[in-house]
Amino acid sequence: MAELIDLVLLAMLALTALRIIFLKDLFAVVMLFGIYSFLSALIFINLDAVDVAFTEASVGAGISTVLMLGTLALTGRKEKKNSHSSLLPLLVVTVTGAALIYGTLDMPPFGDPDNPVHQHVAPRYIEESPQEIGLPNMVTSVLASYRAFDTLGEVVVVFAAAIGVLALLGIRRKKDSDLESGLKEHKVLHVIAKIVIPHVILFALYVQFHGDFGPGGGFQAGVIAAAAFILYALVFGLPNTLAVASPKFLQWMASFGVLLYAGVGLVSMIKGGQFLDYNKLAADPIAGQHYGIIIIELGVGITVFAVMLSIFYAFSSQAERSNVQ
Amino acid sequence: MTEVLAAACIAILVVMAIALARAFKAPTVYDRILGVNMFGTKTVLFIAAVGFLMGRPDFLDIAIVYALINFIGMVAVLRFFEYTAPAE
Amino acid sequence: MFILDIVSSILLIAGVFFGFSGAVGLFKFPDFFTRVHAASVTDSIAAILVISGLLLQTSFDLNTAKLVFILLFLMITSPTASHALAKSARHGGLLTLAEAKTENKGADDKQEQAH
Amino acid sequence: MNFILDYYNYWVVVFLMMAGFYIVISANNLVKKIVGLNVFQTSVFMLYISMGKVSGGTAPILVEGVTQYSNPLPHVLILTAIVVGVAVTAVGLSLIVRIKRAYGTVEENEFEHKDDAI
């Protein structure tokens, strides 16, 4: 049954990718890309990668699609006819494709329990991580505790991306922009958005603190909370949202999250352990691990929320600038 | 009971495929948005059904995220489409 | 407990049937506004039936709460999204089939008068 | 038949990779190139996750009475890669907006000649 679902979903994914190639209307390309990341998240669920499906659905289908739509609002919808013929790219693609397919022939068969990949490193983490860290969700324990330093680097990468986008496109804070950029005449959307947004934020908090026991964690929670504010901005317009969560506040939040994360590392060093070694955080090592993971997940959630929202501000304030010209 | 669930999953998959076909071959942009929206709501049901079929109830979190992101994506497409169309 | 299984299977099959009818309507109907009507109505009814079918399977725990949340959320957002889509299409100048026909007829009359 | 089942995942991954690669090469519009890059990127994620799958194993969340789990390590790697991927896409899209403002077009063949003119 699972194999059948897997086959059908992968076929639909391949068809979506094929359709994207031949589409000239960029709006349709971005919408089909939304479906593409939805479908790939579905396949991740089927391949038992529950946390990854969560992230791909909320980040891939949510944030990237909204950002691409924001860009299209500025750069126009129609792709012009490309001048050079598409024979050479086709040739290059088929040759590399054939070589790669030939390469996959001597890969280990899909889903075989005694593949080499499952023999060396994975058993140690599957057996010991529940005892050492005491969390049912092994992905979160590896992400937040064993690889805490890597995740710190990743949060800094997200932070740097926000700096890059804000440096390239400043946020226009002209308060008197009378342009009501929200969906003005959609009165029904205004009412429904008022009902829906609190529940979305509540769900984001649930995902934030539920990351240890089920799928979820800091990244997904930050993105879902940012999606709630993006929904508010889309329906009620950017000026109102800038009043609710000002860009200055978001910059503080972004840096606070990263500092919180690194602070946990420093505290564990002060208490005699290594950087980001949570065993020293509390008397009992397991409790220390719990405190450490919850706090750094909070730091990650705050940073990702602030970064995704300020990136959205940068893009949608450009849209107004181009409309005003 | 599991056979009914399995049959329901396959049937929802077929409905998703049809909605996807609508999203591919759409005469107007609005038809494409309609196909995307129908595909989204059907995936929510599909995940819930597969979650119960495989005995993995924690899939429901992802079904909730799907419903959220589908709605927000829909509003985003309408919002940016209304502001892009006149500019063309 | 056997009755619960029967009832939930009936609900599931009914829900899937409506979903399927919506999908067929998506291709069979002539113009956009009939299609959006077909898709949104069957979306809602299919969601209600399938999720209530699954609800009977849960033993009143966290999953029940999640399923009820999904049901309420879909009930609120799916019709709204279809309404917003239809309104935006109307606002974007899309004509219904009837209007398109009258407009073509109007255009033909003008041409006849012009000759 | 099961030979195909064994390698089906990898072949679809390679097909998606080549589809993304083709979009990046042949697309004229920069936004479409970014979409091609994301298609390529998601196929790489799928390669890692399908290698970590154990048939008969469940998701790597500890449940009583279950011994066989899929390999959690590729999941951690891909979780990081997705978030970094979106961050890079955001910066790429903001570059495209600046190119549009500077050259007035995002079509590759148009703004190549603009450089020689300046």
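Analyst: Let's start with Thr41(B), which sits in helix α2 (residues 29–53) of chain B. Helices here are DSSP runs of H or I with at least four residues, strands are runs of E with at least two, and both are numbered from the N terminus. Keep in mind that this is a predicted model, in which local features need pLDDT of at least 70, side-chain atom pairs count only at pLDDT 80 or more, and totals for chains, interfaces and linings use all residues. Residues are numbered from 1 along each chain as its sequence is written, while chains are lettered from A and ligands numbered from 1 in the order in which they are written.

Is Thr41(B) buried or exposed? Thr41(B) counts as buried because 29 other C-beta atoms lie within 10 Å; the cut-off is 20 or more for buried, 12 or fewer for exposed and partly exposed in between, with C-beta atoms placed from the backbone.

What does Thr41(B) touch, once neighbours within four places in sequence are left aside? It is in contact with Asn70(B) in its own chain, and with Asp43(C), Ala47(C), Leu74(C) and Ser78(C) across in chain C. A contact means that two C-beta atoms, placed from the backbone, lie within 7 Å. Tyr66(B) is 25 residues away along the chain, yet its C-alpha atom is separated from that of Thr41(B) by 8.1 Å.

Now zoom out to the chain around it. Chain B has 3 helices and 0 strands, running α-α-α from the N terminus on. Its C-alpha atoms fill a box of roughly 55 × 25 × 10 Å along the principal axes. The radius of gyration of chain B is 16 Å, whereas a compact globule of 88 residues would be near 12 Å; that is taken over C-alpha atoms, with the globule rule being 2.2 Å times the number of residues to the power 0.38. Even so, 74% of the 88 residues in chain B are buried. Among contacts in chain B with a separation of 6 or more, 46% join residues 24 or more positions apart.

Phe60(C) is in the loop between α2 (32–55) and α3 (62–91) of chain C, and it is exposed, with 8 other C-beta atoms within 10 Å. Leu276(A) has a positive phi too, near 60 degrees, but Leu276(A) is buried, with 22 other C-beta atoms within 10 Å.

And the rest of the assembly? Chains C and D have no contact, their closest C-alpha atoms being 16 Å apart. Of the 5 pairs of chains in contact, chains A and D share the most contacts. That contact takes 83 residues from chain A and 71 from chain D, and α3(A) gives the largest share of the chain A side, 15 residues.

Finally, confidence. The predictor gives the complex an ipTM of 0.91 and a pTM of 0.90. For chain D, the mean pLDDT (the predictor's confidence in each residue, from 0 to 100) is 86, and 97% of its residues reach 70 or more. Helix α4 (residues 108–117) of chain D is lowest within that chain, at a mean of 72. Where pLDDT is low, the predicted coordinates should not be read in detail.
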